[in-house]
Amino acid sequence: MKQDYLKIYNNLINLTINKKLYSTLPSQDTFSDRLTLFLIHFAFLLKNFKNDENKKTLQELYDFNFRQIELSIREIGYGDQSINKKMKDYINLFHSIVSEIHFWHDNSKNEKEKKISRFLINFGNISYLVAYFDDFDQILSKKTLNSYIKSVSNQ
């Protein structure tokens, strides 16, 4: 099962490194920008597949992804105390994102732009990102978690 979680993690990473997402940044993107985009993608995935049937799998996926993030932070060279603080910050950020997108469909385009811009303040064309995440949300809604685990994303 760990291999399946790695596949999802890598799919989310591939979505996150899509160069079009960074086209409106005034300067070079940062680890924080990429991680925030990763967390937004992950939040949409959890939102779409959250149900009693997937509860255990989604918890394991959540744990796996945050372990991978911690490993990435360690690779950058942060010390143990810094890692704990960073992980706490990123987990809090993730839960804020989940809270903001929970009723994504019920929001107007303007409300969605405000929500996304809260997390991606350096990005210029928030309208593009809203359209992108609307499309991503739509794609996820047409799949099951099992089909997403087994497939390779090509968005």
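**Reading the labels in a predicted model**

Q: What makes the meeting of the Glu70 and Arg74 side chains a salt bridge?
A: The term asks for a side-chain nitrogen of Lys or Arg within 4 Å of a carboxyl oxygen of Asp or Glu. The side chains of Glu70 and Arg74 meet at 3.0 Å, N to O, so the pair qualifies. In the whole structure, 8 salt bridges are found.

Q: Why is Glu70 called partly exposed?
A: Buried means under 20% relative accessible area and exposed means over 50%, with partly exposed in between (1.4 Å probe, protein chains only). Glu70 has a relative accessible area of 25%, and therefore counts as partly exposed. Arg74 is also partly exposed, because its relative accessibility is 37%.

Q: What makes the meeting of the Glu100 and Lys115 side chains a salt bridge?
A: The side chains of Glu100 and Lys115 meet at 2.9 Å, N to O, and this value falls within the limit, so the pair is a salt bridge. The pair links distant parts of the chain, since Glu100 is in helix α4 and Lys115 is in helix α5, 15 residues apart. Both residues are buried, and together with Arg118 they are linked in a network of salt bridges.

Q: How do you know that the buried residues of α5 line one face of the helix?
A: In helix α5 (residues 109–119), the buried residues are Lys112, Glu113, Lys115, Ile116 and Phe119. Seen down the axis of α5, these residues fall within an arc of 165 degrees, so they line one face of the helix; the arc is that of the directions from the helix axis to the C-beta atoms. The buried residues of α5 pack against α2 (31–49), α4 (80–101) and α6 (126–141), where contact means heavy atoms within 4.5 Å.

Q: Why is Asn14 called partly exposed?
A: Asn14, in helix α1 (residues 2–16), has a relative accessible area of 45%, which lies between the two cut-offs, so the residue is partly exposed. Asn14 and Phe38 are 24 residues apart in sequence and 9.2 Å apart in space, C-alpha to C-alpha.

Q: In which helix is confidence lowest, and in which is it highest?
A: By pLDDT, the predictor's confidence in each residue from 0 to 100, confidence is lowest in helix α7 (residues 145–150), at a mean of 79, and highest in α5, at 95. The protein chain averages a pLDDT of 89, and 96% of the residues score at least 70.

Note on methods
Residues are numbered from 1 along each chain as its sequence is written. This is a predicted model: local features need pLDDT of at least 70, side-chain atom pairs count only at pLDDT 80 or more; totals for chains, interfaces and linings use all residues. Side-chain values use heavy atoms; hydrogens and water are left out. Helices (H or I, at least four residues) and strands (E, at least two) are DSSP runs, numbered from the N terminus.
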